[in-house]
Amino acid sequence: MRNLKTFIEDFGWPRIIIFFFLIFLFIMAPFVRVRLDASISDVLNRFGQNAIMVLAMVPMIQSGCGLNFGLALGIVSGLLGATLSLQFQLHGILGFLGAIALAAPFALVLGWFYAKLLNKVKGEEMTIAMYVGFSFIMFMCIMWLILPYNNPTMVWGYAGKGLRTTITVEGYWLKILNNFLAIRIGQFFVFPTGLLLFVGLFAFLMWLFLRSKTGTAMTAVGSNPDFARASGVDVDKMRTISIIISTFLGAVGIIVYEQSFGFIQLYTAPSPMVFPAVAAILIGGASINKASMVNVLVGTILFQGLLTMTPSVINSLLQTDMSEVIRIIVSNGMILYALTRKIKVSK
Amino acid sequence: MANGSPLLSIQHVSKDFYGNVVLHDVSFDLREGEILGLVGENGAGKTTLMRILFGMPVIAETGGFQGSVIIGGSEVHFSSPFDALDAGLGMVHQEFSLIPGFTTTENIVLNRESMRPSILNDVFGDRMSILLRDKMRERAEKAIGKLGIELDPDMLVSEMPVGHKQFTEIAREIDREQTRILILDEPTAVLTESEAEVLLQTLKRLASEGIAIIFISHRLQEVLAIANRIVVLRDGHVVKDTPNEHVSMRDIASWMVGRSLGETGARSEGRKFSDIALKVHHLWVDMPGETVRDVSFDVHKGEIFGIGGLAGQGKLGIPNGIMGLFPAGGEVILEGNTVPLNAPAKALAMGMGFVSEDRRGVGLLLDESLEWNIAFTAMQVHRQYLKKVLGGLFSQRDERAMEDLCKEYVSLLDIKCTSTKQKAKELSGGNQQKICLAKAFAIKPSLLFVSEPTRGIDVGAKKLVLDTLHHYNRDFGTTIVMVSSELEELRSICDRIAIVDEGRIAGILPPTADISEFGLLMSGAAMEAVNA
């Protein structure tokens with residue numbers, strides 16, 4: 001009984017509630033004629049799509065910069081990489097890897113400036129980050145129009161310039177990861193092996209990084225910057241590294257998302273990507289200064305599971321479209337919950 | 001001056017905080033027009049005594065006190081500072097309690113403004129009265145006039161020099177008509193010498209008008225200059241209550257510092273050292289509250305060098321500055337090599353270790369395991385406790401080695417913990433301090449700074465910490481620079497002790513030196529005074 005209690009405390013009520021709600025949705029599914037195999041396939045797919053953006057939260061949380069509300073910077077870098085890869089007519093796996101490679105320098109530079117800024121506003125990172133993200137998205141709205149792209153699949157048909165809001169990656173690198181070694185069972189179930197392997201690879205690299213000397217220093221900076229400084233660690237440098245890594249992972253994350261989703265979404269599309277990533281890692285049990293790979297995996301599965309299952313199951317049950325409402329309540333509610341926990345961090 | 005029955009009489013006052021006795025049977029009287037100099041080391045009980053006098057809630061919350069306080073012949077029981085104010089006590093604090101955006105006048109008459117009722121009073125009460133600025137200004141000028149100084153009644157406090165702020169506070173207490181007893185807690189601490197001089201004159205003048213003054217200061221020459229009577233507190237006891245006649249600074253110093261004289265804890269073995277390990281030349285450190293102005297000293301190889309002095313004089317700034325934690329300048333040479341300042345990593349890499357006085361703030365990763373706490377610095381500075389993976393392509397934390405290291409120190413220093421994976425915040429103060437020491441030892445420093453190693457830990461742990469330092473010094477030849485507020489502790493372990501006063505080294509003494517000499521150095525008496 002005692003074990004159960006400590007387990008619940010460790011795991012946290014929000015996770016348990018969401019977990020059981022998810023189970024309930026799966027149980028209900030067959031009754032409203034939603035196919036279970038298709039649902040599971042969907043959840044796996046969406047988990048893979050989003051996991052790397054959730055993973056992008058980890059380095060900044062560990063280094064004490066809080067939740068990366070400025071993930072939009074990474075996402076925009078990824079969009080730049082993706083659109084450039086299309087512009088250069090890169091196809092297949094080359095196109096996908098090319099997109100990541102082309103995004104990297106943008107992530108590096110943007111991340112570096114972003115870090116400069118966040119190092120000036122220690123203690124208020126999250127608020128500032130949010131505004132940085134939003135205003136940068138707006139800035140890019142102008143840039144998408146005036147940048148000299150000319151691949152006909154990407155630009156507005158009537159003007160011959162300016163990028164479209166939605167660009168398909170079909171014919172370039174659509175589902176390049178999803179289809180890699182994919183296992184098909186029956187008509188509805190697909191196991192996206194390549195996608196999950198790719199996510200697994202990044203999670204493993206992050207795990208290795210956090211156990212390296214630099215990763216250890218970064219964690220110490222997040223835990224107590226004064227201690228780290230007294231031990232000869234350059235606090236600002238560690239924070240900068242974490243922010244650059246986070247921005248880069250944001251870029252990789254959105255490219256992975258696009259190859260699975262099928263479209264590059266520009267203009268204001270990046271803004272609604274940020275909160276779900278933040279909410280997912282919090283649902284996974286991360287606090288605003290401690291996060292682990294388990295938090296990423298559990299959080300993404302629970303959150304994306306919820307997003308996948310509610311439209312089909314709840315909508316069929318209630319005959320109304322509730323999914324968006326639930327998504328917003330859960331993600332914002334979770335962020336709110338986590339921020340109120342901030343006080344518990346011992347100093 | 002001093003005649004008649006006492007205005008204020010403190011009788012057999014004792015006070016303990018949860019069994020820790022801070023005041024023990026303290027009694028003394030204060031007469032009209034008398035200036036009483038109250039002196040004592042940090043922690044002698046001065047502050048607690050003043051809190052009792054003022055009826056601060058903290059006293060009642062911690063179980064009240066024994067004994068009685070008698071003002072004007074009748075016993076008083078203050079339940080809040082307001083009662084004390086009504087009874088005629090005025091207090092000038094060490095930190096200014098003024099409103100920066102208000103003028104001198106407004107601050108002086110604050111909450112006692114001269115007012116005239118307005119029409120709104122009928123509805124909203126007194127709060128809607130109209131201020132009589134002329135009257136207020138008049139009162140302020142009168143109070144300032146009483147002090148016999150120049151002070152612009154219309155100047156904003158934020159624009160004043162510190163001296164004027166201090167005078168404004170005093171004027172505020174004077175303006176209260178019933179004020180008969182004025183208590184000043186270290187009023188000259190923030191003043192320049194000339195400002196302090198004016199202040200002392202002012203106090204004398206106030207005393208001549210019949211106000212009784214309790215003057216708390218660690219600057220003994222000031223106490224000697226103005227006090228009629230001197231009361232010395234030490235460890236909660238009144239060790240001396242004497243008129244200020246034929247009393248020398250040296251006397252006061254030894255009363256203040258000395259346990260019973262003759263019983264010195266010093267265990268100097270008269271060790272001789274030749275090589276110089278650390279040379280510090282004109283060091284300055286900008287550490288808030290512990291500013292180091294100009295400090296030069298040498299530390300010999302293999303010695304334990306003590307740095308003492310009162311709080312806020314800059315002794316803590318010295319190790320913090322040398323280790324690069326606060327902006328510093330000057331020259332520091334470790335075994336012939338210049339130590340770059342403002343660069344903690346370089347200072348550590350050169351073989352210096354530091355145990356911070358701020359255990360929870362700087363010393364520990366409270367939310368991490370003991371293994372992390374002990375091994376972290378060594379890992380970052382010397383790349384230890386890392387293992388190569390894939391033929392040296394990259395390295396990973398060596399958790400096994402970290403655990404072994406931690407276990408070694410847990411048994412060596414007798415650290416009480418449930419496991420090496422326990423979080424540092426769960427340990428007691430003494431055990432946390434041992435973790436801090438272990439962290440410093442783990443980098444195998446040739447020179448170790450320990451700052452306030454026994455602050456806030458119990459007696460048993462204190463002894464263990466000091467023994468450990470002694471052991472490392474004797475058996476491994478680690479040169480140790482120990483900074484502590486506790487003189488006895490320094491005298492028990494150090495080979496030489498430097499006393500820091502106002503950001504400068506006031507003097508360096510052997511631990512066997514007479515206790516009064518330490519007291520003199522701490523009290524801001526210049527070296528010449530000692531030599532004279």
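In the predicted model, A:Ile176 touches A:Gly92, A:Ile93, A:Phe96 and A:Gln259, when residues up to four places away in sequence are left out of the count. The residue itself is found in the loop that runs between strand E1 (166-168) and strand E2 (183-185) of chain A. A:Ile176 has 22 other C-beta atoms within 10 Å, and because a residue counts as buried when 20 or more such atoms lie within that distance, A:Ile176 is classed as buried. A separation of 16 Å lies between the C-alpha atoms of A:Ile176 and A:Ala101, which are 75 residues apart along the chain.

Chain A as a whole contains 14 helices and four strands, and buried residues make up 48% of its 347 residues. Taken along the principal axes, the box filled by the C-alpha atoms of chain A comes to roughly 60 × 50 × 35 Å.

Between the two chains, 17 residues of chain A are in contact with 26 residues of chain B. On the side of chain A that touches chain B, the elements that give two or more residues are helix H9 (213-223) and helix H10 (225-230) of chain A, and H9(A) gives the most, with five residues. By residue class, this side of chain A divides into six nonpolar, seven polar and four charged residues.

Definitions and conventions
Residues numbered from 1 in each chain as written. Chains lettered and ligands numbered in written order. Predicted model: local features only at pLDDT ≥ 70, side-chain atom pairs only at ≥ 80, totals over all residues. Contact = placed C-beta atoms within 7 Å. Nonpolar A, V, L, I, M, F, W, Y, C, P; charged D, E, K, R; others polar. Buried ≥ 20, exposed ≤ 12 C-beta atoms within 10 Å, placed from the backbone.
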